[in-house]
Amino acid sequence: MIVVYLHFETTGLDVMEHNIVEIALVEHSSSTIFSTVVCPPKFETNTVHGISDDELKRGPTFTVAFDRMVSFLNNLAGKGGSNQRHRSQTVADPHASLCV
C-alpha cells in the first residue's frame with residue numbers, strides 16, 4: 001500500500017471564494033516529494049500563505065498543476081515509489097498554461 005500525505009496552501013478557508021496556491025505531496029516510505037505553486041485565477045493581497053505574487057504568476061494554472069499531481073501519483077503507483085524529488089516547473093514552459 002502507498003501512503004501519501006497531502007498539503008495545500010490556500011488564500012483562505014472559504015472553498016467558494018478562496019483559491020489553492022500550492023500543492024505538495026510526500027510519499028510516506030520513500031519520502032518522494034511533489035510540490036508546485038499554483039497561479040490563482042485572481043490575485044488577492046494576502047499574507048496567509050507567504051507566497052509572493054511574482055512566484056504565483058510563474059506557476060502553472062490549477063488544471064496543469066492538478067494534471068502534474070495526478071501524473072506524479074500514477075508514477076508512484078506504477079513504480080511503488082522512488083527516492084526522487086519532483087518539483088513542478090515554475091518557469092515558462094511552452095507546453096503548459098502559465099498565468100503570466
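Is glutamate 22 buried or exposed? Glutamate 22 is buried, with a relative accessible area of 18%; the cut-off for buried is under 20%. The model in which this residue sits is predicted. The protein has 100 residues, and buried residues make up 34% of them. Its elements are 2 helices and 4 strands, and their order along the sequence is β-β-β-α-α-β.

**Overall picture**

- The accessible surface of the protein is about 6,400 Å², and carbon and sulfur atoms hold 55% of that area.
- Of the contacts in the protein with a separation of 6 or more, 51% are between residues 24 or more positions apart.

**Confidence**

- The protein has a mean pLDDT of 79, with 74% of its residues at 70 or more.
- Among the elements, strand β3 (residues 33-37) has the highest mean pLDDT, at 95, while strand β4 (residues 85-87) has the lowest, at 49.
- The pLDDT is below 50 over residues 80-98, yet this stretch has 41 contacts in the model beyond near neighbours in sequence.

**Strand β1 and the segment before it**

- Valine 3 is in the segment before β1, and with a relative accessibility of 32% this valine counts as partly exposed.
- Valine 3 belongs to a nonpolar patch on the surface, together with Met1, Tyr5 and Val26.
- The accessible area of this patch is about 440 Å² for the four residues together.
- Threonine 10 lies in strand β1 and is partly exposed, at a relative accessible area of 24%.
- From threonine 10 to isoleucine 20, the C-alpha atoms are 4.3 Å apart, although the two residues are separated by 10 residues along the chain.

**The loop between β1 and β2**

- Asparagine 19 is placed in the loop between β1 (4-10) and β2 (20-27).
- Despite its place in a loop, asparagine 19 is buried, its relative accessible area being 15%.
- Leaving out residues up to four places away in sequence, asparagine 19 touches Glu9, Thr10 and Thr11, and also Pro40, Pro41, Lys42 and Glu44.

**Strand β2**

- Glutamate 22, the residue of the opening question, lies in strand β2.
- Histidine 7 is 15 residues from glutamate 22 in sequence, and their C-alpha atoms are 8.0 Å apart in space.
- Residues up to four places away in sequence aside, the contacts of glutamate 22 include His7, Phe8 and Glu9.
- Glutamate 22 also touches Ser35, Thr36, Val37, Val38 and Ile51.

**The loop between β2 and β3**

- Serine 31 lies in the loop between β2 and β3 and counts as partly exposed, with 45% relative accessibility.
- Most residues other than glycine have a negative phi.
- Serine 31 is not a glycine, but has a positive phi of about 60°.

- Serine 35 and isoleucine 23 are 12 residues apart along the chain, and their C-alpha atoms are separated by 5.7 Å.
- The count of aromatic pairs in the model comes to 2.
- In one of them, the ring centres of phenylalanine 34 and phenylalanine 72 are 5.5 Å apart, and the pair is tilted because the planes stand at 40°.
- Phenylalanine 34 is in strand β3 and phenylalanine 72 is in helix α2 (residues 62-79), so the pair ties together parts 38 residues apart in sequence.
- Phenylalanine 34 and phenylalanine 72 are both buried.

**The loop between β3 and α1**

- Where is glycine 50 found? Glycine 50 is in the loop between β3 and α1 (53-58).
- With a relative accessibility of 65%, glycine 50 counts as exposed.
- Threonine 11 is 39 residues from glycine 50 along the chain, and the C-alpha atoms of the two are separated by 9.8 Å.

Definitions and conventions:
Residues are numbered from 1 along each chain as its sequence is written. This is a predicted model: local features need pLDDT of at least 70, side-chain atom pairs count only at pLDDT 80 or more; totals for chains, interfaces and linings use all residues. Side-chain values use heavy atoms; hydrogens and water are left out. Buried means under 20% relative accessible area, exposed over 50%, partly exposed in between (1.4 Å probe, protein chains only). Contact means heavy atoms within 4.5 Å. Accessible areas come from the Shrake-Rupley method with a 1.4 Å probe; for residues, only the protein chains shown count as cover. pLDDT is the predictor's confidence in each residue, from 0 to 100. Patches are made of residues with over 30% relative accessible area and no salt bridge: like charges are joined within 9 Å, nonpolar side chains (Val, Leu, Ile, Met, Phe, Trp, Tyr) within 5 Å. A salt bridge is a side-chain nitrogen of Lys or Arg within 4 Å of a carboxyl oxygen of Asp or Glu. Rings of Phe, Tyr and Trp (its six-membered ring) pair if their centres lie within 6.5 Å; planes under 30 degrees apart count as stacked, over 60 as edge-to-face and the rest as tilted.
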